[in-house]
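Here are my notes on this model, as numbered points. Please read them with the structure open.

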Amino acid sequence: MMNIDVLTLFPDMFHGVFGQSILKKAAEQQAARYNIVNFREFADNKHQTVDDYPYGGGAGMVLKPQPIFDAVKSCQEHAKTTKPPRVVLLCPQGERYNQKKAEELSKEEHLIFVCGHYEGYDERIRQHVVTDEISIGDFVLTGGELGAMVIIDSVVRLLPNVLGKEESHLQDSFSTGLLEHPHYTRPSDFRGLKVPEVLTSGNHRLIDEWREKESLKRTYERRPDLLDTYELTEKQKKWLLEFQNQKK
């Protein structure tokens, strides 16, 4: 079972999320355990303040180290896992999140997400508690909660048996290095809009080839940057040349 702790000042944001869809299924199957922690409860002052003015002046407030340090320690002791946890700080300065990172995190026993607010974090949190700083994109949110939800969803769906079929996530966009091919379902003819004949042919070799080619075509048209690091087969090189000629 993967232990997932979320440190937040707004725990109510997560209650509905963990009780829905795949995240709920993962908990029911005991593939994942969720623990929402209001780290204000770990503040060592009577007013339970978790932020203070930055040394040297400047705008905004900074999260103090003590509540975060103690909350992480408490989560670690409660989980009782054999390996140290990965402590993920949601931060615009962090590395850009991608599917490869999701796959990496899905192999861990224990993840702790730190969702901040205000101007930022005391640097000692980054230096002595956090193992990963992650950003979900080049934009700024009010806090780290929505980013944590995105990462948790993308990780939990990769846990064994959570999606039902082991191959379900293997063909996802980005998992293979390419965008996913188009999908169709019944009816085969919807108001004159027909499903490609190859998909109703029953010939699985041709279907697989069509999907591979369409996956490459969609990547070329929508995310050509992904092809800069993708190792093409000889067959895919011919297809790519075909797409390029069609564009001229």
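1. How many residues does helix H7 have, and how far does H7 reach from its first C-alpha to its last? Helix H7 (residues 204-222) has 19 residues and reaches 26 Å, close to the 27 Å expected at 1.5 Å a residue. That expected span is 1.5 Å times one less than the number of residues. Helices (H or I, at least four residues) and strands (E, at least two) are DSSP runs, numbered from the N terminus.

2. On provenance: this is a predicted model, where local features need pLDDT of at least 70, side-chain atom pairs count only at pLDDT 80 or more, and totals for chains, interfaces and linings use all residues. Residues are numbered from 1 along each chain as its sequence is written, and side-chain values use heavy atoms, with hydrogens and water left out.

3. At the start of H7, a side-chain oxygen of asparagine 203 comes within 3.2 Å of the backbone nitrogen of arginine 205. The buried residues of H7 are Ile207, Trp210, Glu214, Ser215, Leu216, Thr219 and Tyr220. Buried means under 20% relative accessible area, exposed over 50%, and partly exposed in between (1.4 Å probe, protein chains only). Helix H8 (234-247) is included in what covers these buried residues of H7. An α-helix has 3.6 residues a turn, so residues three or four places apart point the same way.

4. Arginine 86 deserves a look. It is found in strand S5 (residues 86-96). Its relative accessible area is 15%, so arginine 86 is buried. Leaving out residues up to four places away in sequence, arginine 86 touches Lys101, Glu104, Leu105, Glu108, His110, Leu111, Ile112, Thr131 and Asp132. Contact here means heavy atoms within 4.5 Å.

5. Next, the backbone. Most residues other than glycine have a negative phi, and most peptide bonds are trans. Glutamine 30 has a positive phi, near 60°. It is found in the loop between helix H2 (21-28) and strand S2 (32-38). With a relative accessible area of 56%, glutamine 30 is exposed. Arginine 191 also has a positive phi, of about 50°. Arginine 191 is in the loop between S9 and strand S10 (193-194). Its relative accessible area is 75%, so arginine 191 is exposed.

6. Check the peptide bond between arginine 186 and proline 187. It is cis, with omega about 5°. Proline 187 is in the loop between H6 and strand S9 (189-190).

7. Last, phenylalanine 139. It lies in the loop between strand S8 (132-135) and helix H6 (145-156). At 44% relative accessibility, phenylalanine 139 counts as partly exposed.

Key
Polar contact = N/O pair within 3.5 Å; in protein donor to acceptor, adjacent residues only side chain to side chain.
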